Amino acid sequence: MDRVWFENFDLEAEITALITRIETCTKFELPDKKRDMVFSYAASKLGQTKEAYADAKNKGKPVSTSRRDFLETIQDTIFLAIPAENVALMPLSEYVLNDPSYYQDAMCRAASLTEDELFMALSPILKDMTVQDARDFVSKLWHDGIDGNARKYAEALKRPERERVPLRLGRIV
């Protein structure tokens, strides 16, 4: 049988480390009741993952499980219990298990940059950027792009003589 990440997974140690890291970065301590809920959810999710893996293996289907996806799900659950203003304090390098692709995808869509251009522009500041900084940056890119396009469109409508647009060869409107 193939070795999978959850065979030697120490649930209590991993989740405790995750909670501790998040509490340190967000400057918010989870109440004991919510901490217990996170551990309960993590145990349930791990059980579901193991069960789904075993079922797929028994049916001969290809199986893919990811420790990172599991921990991201637990991390997102923890963030639900933390006030948004505290989550915004978390450095981007620590958010989503140090996976900047979440913001990279958003920024690529907002600015229509290639991934290489985005990486070259942002790599020096990513390690010091907080989640709130990234949100503000993406919002600025998005709104500046929309505002710029709207301004160009409005200026084009104001022109007394708009450019002629050819419909078909030989005919001009």
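## Surface and burial

The protein chain of this predicted model exposes about 12,100 Å² (Shrake-Rupley method, 1.4 Å probe), and carbon and sulfur atoms supply 53% of that area. Of its 173 residues, 29% are buried, meaning under 20% relative accessible area.

Local features need pLDDT of at least 70 and side-chain atom pairs count only at pLDDT 80 or more, whereas totals for chains, interfaces and linings use all residues. Residues are numbered from 1 along each chain as its sequence is written, and side-chain values use heavy atoms, with hydrogens and water left out.

## Fold content

The chain holds 7 helices and 2 strands, taken as DSSP runs of H or I with at least four residues and of E with at least two; along the sequence their pattern reads α-α-α-α-α-α-α-β-β. Among contacts (heavy atoms within 4.5 Å) with a separation of 6 or more, 75% join residues 24 or more positions apart.

## Packing of H1 and H2

Helix H1 (residues 11-26) and helix H2 (residues 32-58) have axes that come within 11 Å and cross at roughly 135°, an angle taken between N-to-C directions on a scale from 0 to 180 degrees. H1 is therefore oblique to H2, since angles under 35 degrees count as roughly parallel, over 145 as roughly antiparallel, 65 to 115 as roughly perpendicular and the rest as oblique.

On the H1 side, the contact is made by Leu 11, Glu 12, Ile 15, Thr 16, Ile 19 and Glu 23, and on the H2 side by Arg 35, Val 38, Phe 39, Ala 42, Ala 43 and Leu 46. By class, this contact has 8 nonpolar, 1 polar and 3 charged residues.

Definitions and conventions: Nonpolar A, V, L, I, M, F, W, Y, C, P; charged D, E, K, R; others polar. Buried < 20%, exposed > 50% of the residue type's maximum accessible area, 1.4 Å probe, protein only.
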